[in-house]
Amino acid sequence: MPAAKRHFLQRFGVALLAILAAALAVWLAGAGAAKVAVSRLEAQAGPRLDLYALGLESELGKYDPVPAVLGQDPRLLALLADPADADLRDAANQFLEQANAFLGTSAVYVVDVTGTTLAASNWREPLSFVGRNFSYRPYVRDALASDIGRFYGIGTTSRAPGYYVARAIRRGDAVIGGAVVKVSLDRLERTWATTSEKVLVKDANGVVILASEPAWKFKTLTDLPPETLDRLRKTRHYDQVRLEPLDWQVREVNGARIVSAESRRYLALSHTLDDAGWEVTVLHDLRPVAEAKWAGALSAAALSGILALLPLYVRQRRRTRSAERRARNALARANSDLERKVGERTSALTQANAELRTEIAERQRAEQELRRAQEGLVQAAKLAALGQLSAGVAHEINQPLAALRTLSDNAAVFLERRQDRQVAGNLAMIARLTERIASITGQLRNFARKSGNESSAVSLRASIDAVLTLLRERLRREGVEVAVDLRPPGLAVWCDATRLEQILVNLLANAIDATQGSADRHLQVTGRMVDGRVRIEVADTGLGLPPDVMARLFEPFFTTKASGAGLGLGLAISAGIAQDFGGALTAANRPEGGAVFTLELPTVDAPVTEMEATNDR
């Protein structure tokens, strides 16, 4: 074989092997990047799944003690003893109607041992439960047989889905009836619909009963066995609803569960609720994983290209070394002259630097003293706000405390009667009520703690919800309505969460005060992205701000409130906090009446450094 041909074949073989190696490297890099992206997504999605599961468990658990408490009422006990007495039935109906309105539930009713409804909160309505027999419902049978029944299904009378909790009512050791509470979970689903991920809940029958996408409700993930369908028809679990399977494909990829649904691919993570037997599933879009895969593949391709060009670079580098040596000699001569001049100026610069360092140290000490004073004022204003919030928190705690008193008294009676099972049930309900009190006081404690002044990505929705929780009782007591409109819903700002909540508490509390005396007491909280920043507006329907008040609005210790009602520091401190994070707080009057306060903060994509915030001040 001629030498030229042999040399060509050798070069061709080397090039082919290089191309195959580069293709393999690109594929491996893409696969590895996708695996890492899935692992990161699982790590980020795990806490979100736990949050949804805990929220659902909390929503279901807070209604567990209600039927037992209602079952101790003398009016219901009297009706169960004499069901034919019309006066007793009217008194029980009115009591249940008032209890349902107070609890905010869908319906409350009491049944006898045959499952027939004797009294109900909807006794005035055309589709009243009174006189209807629900013995075919599992929750009624379970409560009468084993003290408690839980159930989620579609109402056979109202045609509305809901969560049912039933408890047996006893006289001594004998079961004489049962109390039932029906709760709508629509509010929870509406909250899920505003999140970026998809959420669904599957019951023990394999039917989707709750979902952030309405089209998924009362569908199945697989075909149900005939015996299961027959049982559900007998109990009228999903009355007159055709249980069709969702057109989804589920497969395992490297230990991760991947769901293909509606032309999209999702990572599915699930959590089972032990008490209810339900499974909460969160679906996260896999588009970021695909993007990571392509990025890894492109990076590997770029690296392969660089390695292919490396021999050319080496050859060119050799050619330039001789020119560099010649230039280096000339540069050495120039450096000697430059070193001499630098030496002359170094001594002068050293003295100037020493003076500058002294000035900087003095300025830093002054700034530290100013920051400590500002933090003291912030904490003082926060504690003043806590005094105003304590009444609302006390009202929130009163309801579980009243139930605790009733349950503890009943436990003492059961203990005297040696009814150990009833004592254990009451103690379990007391434990759940104390957990609820702990969650209420925990929110107040979070607000009261001293801020660490460290900026991070803060969810605007979570901060607004936390502030509305603290002000909820005051808003209810004074009849003030609050509307929140965030676009997009997942807006986030770069600041400290505790300080952001303090600004929002000041603005909302002042807005509530401003609406006193107005016929329409309404607040509007909006959030928008404007010119790369997050703009938050708090508007009220009050009388607006007079010109003399507007001119001094952000001055420390200036207030229009009565003596003892405020320190006059809230708006001044709030404006200072906004400036610390590179934002601003302004106020104006609305053309339609009332005032609007505008808070602008940097987004997560454009955080402001501490030095920039200091320069802005």
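Tutor: One definition before we start: buried means under 20% relative accessible area, exposed means over 50%, and partly exposed is in between (1.4 Å probe, protein chains only). This is a predicted model, so local features need pLDDT of at least 70 and side-chain atom pairs count only at pLDDT 80 or more, while totals for chains, interfaces and linings use all residues. Residues are numbered from 1 along each chain as its sequence is written, and side-chain values use heavy atoms, with hydrogens and water left out.

Student: OK, how many salt bridges does a search of the whole structure find?
Tutor: It finds 26, a salt bridge being a side-chain nitrogen of Lys or Arg within 4 Å of a carboxyl oxygen of Asp or Glu. One of them joins D147 and R170, at 3.7 Å from N to O.

Student: And where do D147 and R170 sit?
Tutor: In distant parts of the chain, 23 residues apart: D147 is in the loop between α5 (138-146) and β3 (148-154), and R170 is in strand β4 (residues 161-171). Helices (H or I, at least four residues) and strands (E, at least two) are DSSP runs, numbered from the N terminus.

Student: Is D147 buried or partly exposed?
Tutor: Partly exposed, because its relative accessibility is 23%. R170 is also partly exposed, at 22%.

Student: What about K198, which residue does it bridge to?
Tutor: E213, with the closest N and O atoms 2.7 Å apart. That pair links distant parts of the chain too: K198 is in strand β6 (residues 198-202), and E213 is in the loop between β7 (208-211) and α7 (226-235).

Student: Which helix holds both R476 and E473?
Tutor: Helix α10 (residues 460-478), where they lie three residues apart, about one turn of the helix. E473 counts as buried because its relative accessibility is 5%.

Student: Switching topic, how many aromatic pairs are there?
Tutor: Eleven across the whole structure. Rings of Phe, Tyr and Trp (its six-membered ring) pair if their centres lie within 6.5 Å; planes under 30 degrees apart count as stacked, over 60 as edge-to-face and the rest as tilted. Y139 and F151 make a tilted pair, 5.4 Å centre to centre with 40° between the planes.

Student: Which elements does that pair link?
Tutor: Helix α5, which has Y139, and strand β3, which has F151. Y139 is buried at 1% relative accessibility, and F151 is buried at 4%.

Student: Which residues make up the ring cluster?
Tutor: Y109, F129, F134 and Y136, linked by ring pairs.
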